[in-house]
Amino acid sequence: MHSAFAPRRGRGLRVLLFALECGLGVMGIVLVAAFAHWARWLLPVTVLLYLLIVVATALLSGFWQAAIVSLSAVAIQAFFTSEQARSNPASYPVNSVTLVVFVLVALTVSRLSARVTDHAREAESRGGQMHDLYEFTRRTLQMNLHVEPGPQLAELVHEIFALEAVAVFDADLHSVYQAGFWRVDPLEMAQNVYYFETSDDDAESGLGRRVVRLGTVPVGSLLLRGDTTPLVNNAIASLIAITFDRYRAFANESRIETERRTEQLRATVLDSLAHAYKTPLTAIRAASTGLGEMGHLSQGQAELVTLIDEQTGLLNELTTRLLTTARLDAGEVALHASPVGVASLIEEVVASLADRLATMKVQIKLEDDDLVLNCDRQLMVMLLTQYIDNACKYSIFGTAITIRVARARAEAIFSVHSYGPVIPMADRERIFNRYYRSSTQANRASGTGIGLSVAKRVAVIHGGYVWVTSEELEGTTFFAAIPAPVQKRNSQ
């Protein structure tokens, strides 16, 4: 019942207000006419007073009220002027001209008044919108970025702009955050706005839809229901996009800092463990060597001693790698560069891996046998040892391992090629990270996941870089570019 009578009640109030405004204007005209007739004022003075009342009515009420007041002024003046005007006011020329003038004045003044009022309201509305946008910007800058920004943004928009309902969709987290009253779950609508990139405003329902973009990339969507303008909706969507970007940047910085601290702690632990292992390993190796030299051992005992000695050597090598890795990451390894003959460097590495390469075909191809590289010999031995050892683990039996060194401008390019399982594209950068192993089962082999990270660190310390190529037909090749001064041996 209340909803049915509400429109009628509103119309009744508007009619009553219209009648009251007209009545006040007509009453003013009657009072002026009566006083002017009693005081015997001249007609121009009376007309000016009428005009003031018409102008005031046009300014305060509007055109139609002023038109009715104008018509009453002409009629009342005619009534007080002559019997002819009283019987037919429209026939009196002066009254007709006066009526036309009054109506034109009422129209002009009411239009100007309406325009000025609209401009004032618009300016006031814009001022309020700018204040709300400023407050929203200030509050978003103070947001807690340790938690997801979606719920906070939805509540802020709902509170500051006094909207009926707000929904913010974060595409990265695939979640919608809402505030206010929604008759239905806005998740599907928000997703459609994001996926179909539809931004519009429905004046009938008061619903505004916006795609939240970072540059040209959609990162979410925004739904607003309430009294807003397209300009405000666009500004809110832009501020939400900036907040999403700040949150992701902050999360990345926090993650990087956490990883850095974790890596620092890991390097410290590795260094401590490696030092702790060195002493017992030295004692075990000394004991096994002593047992071997004592003699009078049976064949089984001799084999056990040999096994102990070999495994101790492997543990010692692994411990040395851990120590070197920790020191490389901590920046404690100083680069002792000196002229090193590349040919002798490769011969040294191949000789140290003679047991591993006994069943392999090894090809060494040097672009220049007299090539000399200014580098840290010990570190370069570690790099090449890791590359060749890695090729031994994964190469197909009976295929060749090819070691090349070529010159490219100011760089010496070392490469180790072999045929084996293809390294997936997604793994080709990550395999140089410490402890990372290839994601495919075919690339699984015994190892610690440390060696390639050491090779990368050695190249970086020399100011170089590493990479790998891997194709089924072409094979796998590990590269290391060392941009150090290159010179001929005979020039020294």
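Student: How are helices H10 and H11 oriented to each other?

Tutor: Two packed helices are described by the angle between their axes and by the distance between those axes. In this predicted model, helix H10 (residues 342-352) packs with helix H11 (residues 377-394) at an angle of about 55 degrees, and their axes lie 9 Å apart. Angles of 65 to 115 degrees would count as roughly perpendicular and those under 35 degrees as roughly parallel, and H10 and H11 are therefore oblique to each other. The crossing in which H10 passes H11 is right-handed.

Student: Which residues of H10 and H11 make the contact?

Tutor: From H10 come Ser 344, Leu 345, Ile 346, Glu 348, Val 349 and Val 350, while H11 supplies Arg 377, Met 380, Val 381, Leu 384, Thr 385 and Ile 388. Sorted by class, the contact of H10 with H11 has eight nonpolar residues, together with two polar and two charged ones.

Student: Which residues of helix H12 are buried?

Tutor: In H12 (residues 451-461), the buried residues are Gly 451, Leu 452, Ser 453, Val 454, Ala 455, Val 458 and Ala 459. Just after H12, Gly 463 takes a positive phi of about 85 degrees.

Student: How many helices and strands does the chain have, and what percentage of its residues count as buried?

Tutor: The chain has 12 helices and 13 strands, and 38% of its 492 residues count as buried. Among contacts with a separation of 6 or more, 64% are between residues 24 or more positions apart. The accessible surface of the chain comes to about 28,400 Å², and carbon and sulfur atoms account for 60% of that surface.

Definitions and conventions: Residues numbered from 1 in each chain as written. Predicted model: local features only at pLDDT ≥ 70, side-chain atom pairs only at ≥ 80, totals over all residues. Heavy atoms only, no water. Helix = DSSP H or I, 4+ residues; strand = E, 2+ residues; numbered from the N terminus. Buried < 20%, exposed > 50% of the residue type's maximum accessible area, 1.4 Å probe, protein only. Contact = heavy atoms within 4.5 Å. Areas by Shrake-Rupley, 256 points an atom, 1.4 Å probe, with all protein chains shown as cover. Axes fitted to C-alpha atoms, helices over the stretch in contact; angles between N-to-C directions. Parallel < 35°, antiparallel > 145°, perpendicular 65-115°, else oblique. Left-handed = near helix turned anticlockwise from the far one by under 90°. Nonpolar A, V, L, I, M, F, W, Y, C, P; charged D, E, K, R; others polar.
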